[in-house]
Amino acid sequence: MPLTSTMQHLALLCLCLLMTSIHAQSLLAKGESLVALPSASPITVEALIDSLAHSDFAVLGEIHDNPRHHQLRGELLRRLPVASKTVVAEHLNWRQRLAPKTDVLTGLEAAGFDAQAWGWPLHQALFEAVTAMQMPLIGGNLPGESIKEVFKTRGQSLPQPIASVLAQAPFDAAQRKAMEAEIDQGHCGAMPASMFEGMATVQRGRDAAMAEVALAHLPSIVVAGNGHAWKHLGVPFVVHQLAPQLHSVSVLFMEWDDARPDQEKQAFLAELAPQADYVWLTPHQARNDPCNNLRKK
C-alpha cells in the first residue's frame with residue numbers, strides 16, 4: 001500500500017529523531033560513562049541535553065587542564081537551541097561581555113581572559129561553540145587584581161552586588177568545615193590553616209559573582225571548574241538560596257580509570273552524590289603531580 005504524504009512526513013520525522021539521538025549518544029567515547037545522581041544510574045547523552053535545555057540555570061564543570069572536558073561542553077552547547085541560553089564564564093571578568101562579531105580570542109582577552117594562564121587553546125572548542133550558537137557570553141569571575149584585597153579584607157572589599165548575594169547565602173558550620181577541607185586537599189596539605197578563611201572568602205566571592213550574573217540573565221549556563229559546580233558549596237548552592245523555585249542542573253566532568261574495580265567506582269560516585277545531578281567520567285589524563293611544586297614551596 002503506498003504511503004500517504006502524512007505517513008511519509010511522520011516517517012521522515014521519526015528517522016530524523018533517531019539520527020539525532022544516535023549522533024548525541026556518539027559523544028560518549030570509549031572509556032567514558034555518564035550517570036545521574038544520586039542513583040549513579042547510567043543515562044543517555046540525549047537525556048542530559050534535554051535536562052539542560054529545560055533548565056532555568058545550569059553549571060557545567062571541568063578539570064581545567066583536560067581538553068576533552070572543554071570539547072564535550074562545547075558539543076553539549078551545540079546541541080541546544082540557538083541563542084537559547086546566556087553563558088556565564090569563570091574565565092572572564094565579572095559582568096564583562098564578549099563583543100559580537102570579533103575574533104574569539106581577541107574578544108575573550110578584551111573581556112579579561114588570560115590566554116596564558118588558561119592555557120589557550122585548551123578552551124577554544126568551548127568558546128567557539130558559544131559564539132556559533134549565538135549565545136551571549138558574560139564573565140563571572142572576580143578580576144585578578146581584586147583577589148588579594150578580597151583575601152586580605154575577608155570579603156569586605158567585594159563589590160556591593162556580590163556582597164549582597166553572598167549575604168543571602170551564608171554557610172553553616174558544616175559547610176565552612178567542608179570548604180576548608182576542600183581547600184586543604186586542593187593545596188595538598190601545604191597551605192597554612194591561617195589562610196583557609198581568606199581563601200574560602202575568595203572562592204565564595206567567585207561563586208557569588210557567577211550566581212549574580214547568571215540570575216540576571218536567565219536562562220543561563222555557567223562554565224567553571226568542578227569546585228564551582230558543587231550543589232552543596234558552589235554556585236548552585238548560592239542560586240538555590242536566592243531563587244529556590246528555579247529548575248537547576250549541575251554537571252561535573254571528572255576523570256576515572258575504568259581498569260579500577262567497579263566497587264571503587266560506585267564508592268566514588270556515592271561520594272559525589274550530594275555534589276551534582278550528573279557526572280560525566282572521562283579517562284584519567286596523565287599529568288605531573290601538582291602537589292610536587294606546592295610541597296617545594
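Helices here are DSSP runs of H or I with at least four residues, strands are DSSP runs of E with at least two, and both are numbered from the N terminus. By that naming, N141 belongs to strand β5, which spans residues 137–141. The model is predicted. The points below cover the packing of helix α9 (residues 196–216), the surroundings of N141 and D277, the buried residues of helix α11, and some backbone geometry, including two cis peptide bonds, W120 to P121 and L218 to P219.

**Helix α9 and helix α6**

- Two packed helices are described by the angle between their axes and the distance between the axes.
- For helix α6 (residues 144–153) and helix α9 (residues 196–216), the axes approach within 8 Å and the crossing angle is roughly 125°.
- The α6 and α9 crossing has right-handed sense.
- On the α6 side the contact consists of I147, V150 and F151, while α9 supplies G198, M199, T201, V202 and R206.
- Sorted by class, the residues of this α6 and α9 contact are five nonpolar, two polar and one charged.

**Helix α9 and helix α7**

- Helix α7 covers residues 160–167, and its axis lies 9 Å from that of α9, at a packing angle of about 100°.
- This puts α7 roughly perpendicular to α9, because the angle falls between 65 and 115 degrees.
- P161, I162, V165 and L166 are the α7 residues that meet α9, where their partners are R204, G205, A208, A209 and E212.
- The contact of α7 with α9 comprises six nonpolar residues, one polar and two charged.

**Helix α9 and helix α11**

- The axes of α9 and α11 come within 8 Å, with a crossing of roughly 55°.
- Helices α9 and α11 are therefore oblique to each other, and their crossing is right-handed.
- From α9, the residues R204, D207, A208, M210, A211 and L215 meet α11 at V235, F237, V238, V239 and L242.
- Nine nonpolar and two charged residues make up the contact of α9 with α11, with no polar ones.

**Buried residues of helix α11**

- Helix α11 spans residues 235–242, and its buried residues are V235, P236, F237, V238 and V239.
- The elements covering these buried α11 residues include the strands β3 (57–60) and β7 (248–255).
- Helices are also among the covering elements, including α7 (160–167), α8 (173–186), α9 and α10 (226–229).

- Is N141 buried or exposed? N141 counts as buried because its relative accessibility is 9%, under the 20% cut-off.
- The N141 side chain forms a polar contact of 3.1 Å with the side chain of R206.
- R206 is also one of the α9 residues in the contact with α6.
- Beyond neighbours within four places in sequence, N141 touches A89, E90, L92, N93, W94 and R206.

- D277 sits in the loop between α12 (262–272) and β8 (278–282).
- With a relative accessibility of 17%, D277 is classed as buried, because the value is under 20%.
- A polar atom of the D277 side chain lies 2.8 Å from the backbone nitrogen of S250.
- When neighbours within four places in sequence are set aside, the contacts of D277 are V35, A36, L37, K231, S248, V249 and S250.

**Backbone geometry**

- Most residues other than glycine have a negative phi, and most peptide bonds are trans.
- The peptide bond from W120 to P121 is cis, with omega near 20°, and P121 falls in the loop between α4 (104–110) and α5 (124–132).
- Another cis peptide bond runs from L218 to P219, with omega near -10°; P219 is in the loop between α9 and β6 (220–223).
- A83, a residue other than glycine, has a positive phi near 55° and lies in the loop between α3 (67–78) and β4 (86–93).
- The relative accessible area of A83 is 44%, so A83 is partly exposed.
- C188 likewise has a positive phi, near 60°, and is located in the loop between α8 and α9.

How values were computed: Residues numbered from 1 in each chain as written. Predicted model: local features only at pLDDT ≥ 70, side-chain atom pairs only at ≥ 80, totals over all residues. Heavy atoms only, no water. Axes fitted to C-alpha atoms, helices over the stretch in contact; angles between N-to-C directions. Left-handed = near helix turned anticlockwise from the far one by under 90°. Contact = heavy atoms within 4.5 Å. Nonpolar A, V, L, I, M, F, W, Y, C, P; charged D, E, K, R; others polar. Buried < 20%, exposed > 50% of the residue type's maximum accessible area, 1.4 Å probe, protein only. Polar contact = N/O pair within 3.5 Å; in protein donor to acceptor, adjacent residues only side chain to side chain. Parallel < 35°, antiparallel > 145°, perpendicular 65-115°, else oblique.
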